[in-house]
Amino acid sequence: NAGPVRQVYARPFFVVAGAEKDSLVDAANYIANTHFTSTDTLAPVVLDRDLTPSQASSHNLILIGNPVENQATSALMASLASLTHAPPVRFHPATTTNKNN
């Protein structure tokens, strides 16, 4: 069992990238290509500015980019903020560790 991540693929989904940063689009394409290579099924990439409300509500979303970088992430975070029982979600910068040092 792969847990909740596996559930993303249980219904149609999109990989949604923030359009303003090439690195986010590259990451989305990498995820889509890796998915295709491993499962032989498509993982459509959609830019955040092109995602419609209908698509967002009828598909699972893999969001690439924080709320400043990705409009879809920002919209999701805003909707979660309206839930009184939702804990705050914080984004921390990614870090890498060189184990050779």
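Helix α4, spanning residues 71-81, buries A72, T73 and M77, where buried means under 20% relative accessible area, exposed over 50% and partly exposed in between, computed with a 1.4 Å probe on protein chains only. Helices (H or I, at least four residues) and strands (E, at least two) are DSSP runs, numbered from the N terminus. Viewed down the axis of α4, the buried residues fall within an arc of 135 degrees, so they line one face of the helix; the arc is that of the directions from the helix axis to the C-beta atoms. The model is a predicted one, in which local features need pLDDT of at least 70 and side-chain atom pairs count only at pLDDT 80 or more, while totals for chains, interfaces and linings use all residues. Residues are numbered from 1 along each chain as its sequence is written, and side-chain values use heavy atoms, with hydrogens and water left out.

The partners of the buried residues of α4 are β1 (13-17) and β3 (60-64), against which they pack, contact meaning heavy atoms within 4.5 Å. On the face turned away from the buried side, α4 carries the exposed residues Q71 and A78. At the start of the helix, a side-chain oxygen of N70 comes to within 2.8 Å of the backbone nitrogen of A72.

H59 counts as buried because its relative accessibility is 19%. Setting aside neighbours within four places in sequence, H59 is in contact with R11, P12, F13 and F14.

Turning to charged pairs, a search of the whole structure finds two salt bridges, each defined as a side-chain nitrogen of Lys or Arg within 4 Å of a carboxyl oxygen of Asp or Glu. In one, R49 pairs with E20, and the closest N and O atoms are 3.7 Å apart. This pair links distant parts of the chain, 29 residues apart: R49 sits in the loop between β2 (45-47) and α3, and E20 in the loop between β1 and α2 (22-39). E20 is exposed, at a relative accessible area of 68%.

K21 forms a salt bridge with E69, with the closest N and O atoms 3.0 Å apart. Here too distant parts of the chain are linked, as K21 belongs to the loop between β1 and α2 and E69 to the loop between β3 and α4, 48 residues apart. K21 counts as partly exposed at 36% relative accessibility, and E69 also counts as partly exposed, at 23%.

How values were computed: Polar contact = N/O pair within 3.5 Å; in protein donor to acceptor, adjacent residues only side chain to side chain.
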